[in-house]
Structure formats: structure tokens, C-alpha cells
Amino acid sequence: MKLLSAGLSTILLVPLLATGASAGEPGDIVARLGSGVDPAAIAAASDTTVVEPVLASRNVWRFRSDHDAHKAADKIKKQEGVAYAEEDITGSIPEAGGRMSGWNDGEARAVPSTEDDFRTQPAVGLLDLAAAHEQTHGAGVRVAVLDTGVDPSAVPFVTLDGGWDLVDDDPDPNEVANGVDDDGDGTVDEAHGHGTHITAIVDLAAPDVTVMPFRVLDAEGMGSSFLAAEAIWMALEQGADVINISFGAGEKSKVLEQAVKDAEDQQVVIVAAAGNTGTDEKHYPAEFDEVIATAALATDGTVLAGFSSRGGWVDISAPGEHIIAPVPGGGWASWSGTSMAAPFISGQAALLLALAPDMEAEDVWKALEEDALKVEDGGEGLVQLVASIGWVHEHYLEG
Ligand SMILES: [Ca+2]
Ligand SMILES: [Ca+2]
Ligand SMILES: [Ca+2]
Ligand SMILES: [Ca+2]
């Protein structure tokens, strides 16, 4: 079994996305064009050149300006048939903005576990899942998991449907390890298995959900804010009720912000990992108002894990230390990170939505916060699912 490695939050020095779209350079602009709009015509009208497709299936292209990229982006934006255009700063500032990475803390450790260990691990007790499952399993709820993809053979108990591979721009979002250390951090394919692990956690919390896997990160755990935004829009088109984002970056992208606003407008619940800096430094998309920023609890559930990002901007907390789940290749791994906390919240939201499918996203938040146990620097703290279900009964199912 290929196992994983260290520090995705380290500063990245080399190009992302060796498969599919390559990293840009300073002066690059990414734009989505309306269907039938020719990128060559847009380039000619904006004094730029077409570099390559970022996501051909959605008519998203990378353009290059030899002059002022900011002005060129404005010029492209003004052309008829352009949905958006934004400077791609991944080429100039390695750790910033458009470049996003997964929020796992250190290595996934292979552990000699069984499915029974997975289903009875401490997080299951902390979240009171057994009691919740007497009333709801999340049936009928669609959870989009934006991540490194999913190996279906590793999670035979998960109902998968739809999704897309935005890294390779194909319909098969299976995890792919290319055996190359594309980000040059000394560890090869360190995020391989991340999306499979996350998917299993969503299903552990809400066993009857349907997961839609969107592959937006490569096996190094790297992706772009443009792909994340496009995946959100695709998830909305595919009828997502909940969107799980276990990655982020230290800088805002307007395109990604627009995507989360569109999701909120459609009453879709968006959950994102808060980050693994151990500080109150804000990360995006978690920090956006429309997104539930999730911190990671230590194993006993009373304090945040040392690595977890924290502070007044965090919305909620969930278990995120030594979480056991399957990884590609047929084994089990223990992994820590706010990456692992977010899917518990996504699963809990799905449990509530299954009871009251018309529930507004804002009310899902309210229900999750009902009687939650405060944790210092961890927002509303640890969800008390039975109380949350009671809130849904009181406000949606009775009277
Ligand atoms: Ca693929
Ligand atoms: Ca690789
Ligand atoms: Ca690497
Ligand atoms: Ca937020």
C-alpha cells in the first residue's frame, strides 16, 4: 500500500498539477468563457495570448499578458461572453491565493484496523452517532466531496454518484498517484488517499448519504481556487445538498467567493476545514461567511488539537485527531487534521437534512449549534447531535 507523508502546509516551491493544467506564470489570467466563445478571439481583443485550457469541458482557459496582468484581466472580463476573469497568482506567490492545499497534519499512518475499529473509534462515541442513527441515516442527501478523488474499491459501503475529475478533466474521479514528487517537498504523492479517507468519514457519520466525488487536488494535495470554484458550480448543477472542502489557502479568491455565495443562494451547506497552523490565522474558503469553518478536536473532545487553526472566526469543531478510515489499496490509515474534522460536520448536516430536506442552510447551522459544548477557540464547539435533531423536530417537524 502506498502511504502518505508529511506537511502539506509547508511552503510550496514548484508547480502544481503536473497532470492536466500546469502551473501558471506571473501575468497569467484564468477566465471562463461562455459556450461557443473562442478563446483566440478573447485573446486578440485583450492583447493577451492563450496559454492552455485549464478545464476544457467548462471552457476555462489560461491567458498570458506581457504587460499589466491586472489590466489585462479587466479587459478580458469586459469582453462579451466572459463569465469571469481573475489573475492567477499561483505562478508568482507559491503559498498564496489560487494555490490550495489539503489540511492534513503529517502522515497517514497505516494501522492494522478492521471495519469494526473504524465504526467504533472514539469519534463515533464523542458525536453520539449511535443515538442519532436511531432517527436518521442521511438518506436522500447528496454530499459533494471536493478532494483528491475517491477509490471506490476502498469504500464499498459508500454510495457514490456523479462528480467529476477536474484535474484530468474526465468523468472518472478515482484517485491517481503518478509516482512523481510534483511539488518537490521530498515526499511523493503525499495526499494520495486523502479524498478516500474523507469520503469514508462522511459516510461514517451519515451512512445512507450519496457522495459525489469531485477531484480538484492532485496526489500532492495541491489544486487551484479556479478548479475548486468550478467544482462547486458543478456540484450545484448535480444537486448537492452539502459540499465538503478539506483544503484551503491563506488568501482570498474572488472567483471562489462567488461560488460559495452561489451555493448559499441555493441553500447548500458548505463545510470547510479551518486549517492546520495551530494559530488564529484565517484561511479560505473556511473564513467566508457562507462556509462553516471547522476546527479539529483532540481525541478526548474537550480541547482543540494542537495543530488546529483556531480563534473567533472558527464556527464549529469536530474530532480530527487519529481518525481511522480506509485508504486506496485496501488498508486502513490513522490520519489527523482539520481535513478529517470537516467531513464529520458535513455528515452531521446530512443527518439533519434527511429529516427535513427543505431546511434552510442557515437553520442547519442553528440546529448544529443547539446545546453544542463550547471548546476554547473552537467556535460553537462540539455538536450535540441529539439536541440538534430535537431542534429540527421542534422547528420543522412538529405543529
Ligand atoms: Ca480521472
Ligand atoms: Ca505526484
Ligand atoms: Ca510531494
Ligand atoms: Ca466561515
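I started at D189: the backbone nitrogen of N178 lies 3.2 Å from a polar atom of its side chain. I count a polar contact as a pair of N or O atoms within 3.5 Å; within protein, one must be able to donate a hydrogen and the other to accept it, and residues adjacent in sequence count only if both atoms are side-chain atoms. The backbone nitrogen of G179 lies 2.7 Å from a polar atom of the D189 side chain.

I noted the ground rules. This is a predicted model, where local features need pLDDT of at least 70, side-chain atom pairs count only at pLDDT 80 or more, and totals for chains, interfaces and linings use all residues. Residues are numbered from 1 along each chain as its sequence is written, chains are lettered from A and ligands numbered from 1 in the order in which they are written, and side-chain values use heavy atoms, with hydrogens and water left out.

I looked up where D189 sits: in the loop between β9 (164-165) and α6 (194-205). Helices (H or I, at least four residues) and strands (E, at least two) are DSSP runs, numbered from the N terminus. D189 is buried at 1% relative accessibility. Here buried means under 20% relative accessible area, exposed over 50%, and partly exposed in between (1.4 Å probe, protein chains only).

Donors are N, O and S atoms within 2.8 Å of the metal (3.2 Å for Na, K and Ca); water is not among the atoms, so sites may look incomplete. N178 is partly exposed at 32%, while D182 is buried at 15%.

**Calcium, ligand 1**

I then listed the protein donors of the calcium ion (ligand 1): D165 (OD), D170 (OD), D170 (OD) and D172 (O), 2.3 to 2.5 Å away. Their spacing is D-x4-D-x1-D. D165 is buried at 1%; D172 is partly exposed at 46%.

**Sheet and helices**

I traced an open, antiparallel sheet of four strands, ordered β2-β3-β1-β4. β2 (49-55) and β4 (82-87) are the edges, each with a single partner strand, so one side of each has no neighbour in the sheet. The average twist from one strand to the next is 25°. Strands pair if DSSP finds at least two bridges between them. β1 (residues 28-33) and β4 have five, in the antiparallel sense. A31 stands opposite A85 in β4.

I checked which helices cross the sheet. Helix α2 (residues 69-78) lies across β1, β3 (60-64) and β4, at about 175° to β4. Helix α7 (residues 225-237) lies across β1, β2, β3 and β4, at about 150° to β4. Contact means heavy atoms within 4.5 Å. Axes are lines fitted to C-alpha atoms, for helices over the stretch in contact, and angles run from 0 to 180 degrees between N-to-C directions.

Most residues other than glycine have a negative phi, and most peptide bonds are trans. I found a cis peptide bond joining Y284 and P285, with omega about 10°. P285 lies in the loop between β14 (269-273) and β15 (291-297). Q267 has a positive phi, near 60°, and is partly exposed at 36%. H322 has a positive phi of about 55° and is partly exposed at 47%.
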